[in-house]
Amino acid sequence: MKAIPPLKASIFKVLFSILLILCITSCRKINPIENTLKNQAFAKNDREETEVFFFISTANVSKTIISKSQIAQQKSSDAIVQELSKRIEVQESQLLEAITTMATSKLIVITEINATHKRDLYNLIDANGYDFNSIYLNAMTDAICNQIELLEAISRETNDKEILELVLRFLPQQYRLLRETERIKRQNV
């Protein structure tokens, strides 16, 4: 057999490489249905993003309220404030459990993304005596108001039956806790 001259060999290598590249790129273009299905699987719409934001925000607010209530149970000298903090902790634990269960069923992972509440916790830990009750009640009023706003906002923005049932179940209890917190705050002033 004759040996192929080096020039012809290099031309064959280049042509083979070009042919290989064309085949690979054409294979990617042949299957647009697969690419479309992949894009649809990972596409998000505004409703889903709103629900994810709701789950994460509500869970973070609940965790904050639970932490503050646990501190109040340990530090407050007022039996009324201690009792209120126990009821708030139980209520928030139930809400957090419901939120976590619902988020898990929707394949949403709740992690503590925003830890801005830590400053409030430190202020609460550093407070003493009468100032403690006032700081705690003000913090609870703000936190419960934030949670009520989240529940009301999601009820306007979603048509998800489970989320609406959750709102209907917990929103009246949140208003009740807010009224009671404000009543105790007025009594302590």
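**View 1. Four salt bridges are found in this predicted model.**

**View 2. R87 pairs with E180 in a salt bridge.** Their closest N and O atoms are 1.8 Å apart. E180 is buried, at a relative accessible area of 19%, while R87 counts as partly exposed at 31%.

**View 3. E180 also meets R183.** This salt bridge has an N to O distance of 3.9 Å. Both residues sit in helix α7, three residues apart, or about one turn of the helix. R183 is partly exposed, with a relative accessible area of 37%. Through shared partners, salt bridges join E83, R87, E180 and R183 into one network.

**View 4. D160 and K106 bring two loops together.** Their side chains form a salt bridge at 2.4 Å, N to O. D160 is in the loop between α6 and α7 and K106 in the loop between α4 and α5, so the pair ties together parts 54 residues apart in sequence. D160 is buried at 13% relative accessible area, and K106 is partly exposed at 26%.

**View 5. The largest nonpolar core holds 39 residues.** F54, F55, I88, Y136 and L166 have the most contacts inside it. Helices α3, α4, α5, α6 and α7 each supply at least two residues of this core, and α6 gives the most, with ten.

**View 6. A closer look at Y136 and its contacts.** Leaving aside residues up to four places away in sequence, Y136 touches K68, S69, A72, V81, S85, I88 and L124.

Conventions: Residues are numbered from 1 along each chain as its sequence is written. This is a predicted model: local features need pLDDT of at least 70, side-chain atom pairs count only at pLDDT 80 or more; totals for chains, interfaces and linings use all residues. Side-chain values use heavy atoms; hydrogens and water are left out. A nonpolar core is a set of buried Ala, Val, Leu, Ile, Met, Phe, Trp, Tyr and Cys residues joined through side-chain atoms within 4.5 Å. Buried means under 20% relative accessible area, exposed over 50%, partly exposed in between (1.4 Å probe, protein chains only). Helices (H or I, at least four residues) and strands (E, at least two) are DSSP runs, numbered from the N terminus. Contact means heavy atoms within 4.5 Å.
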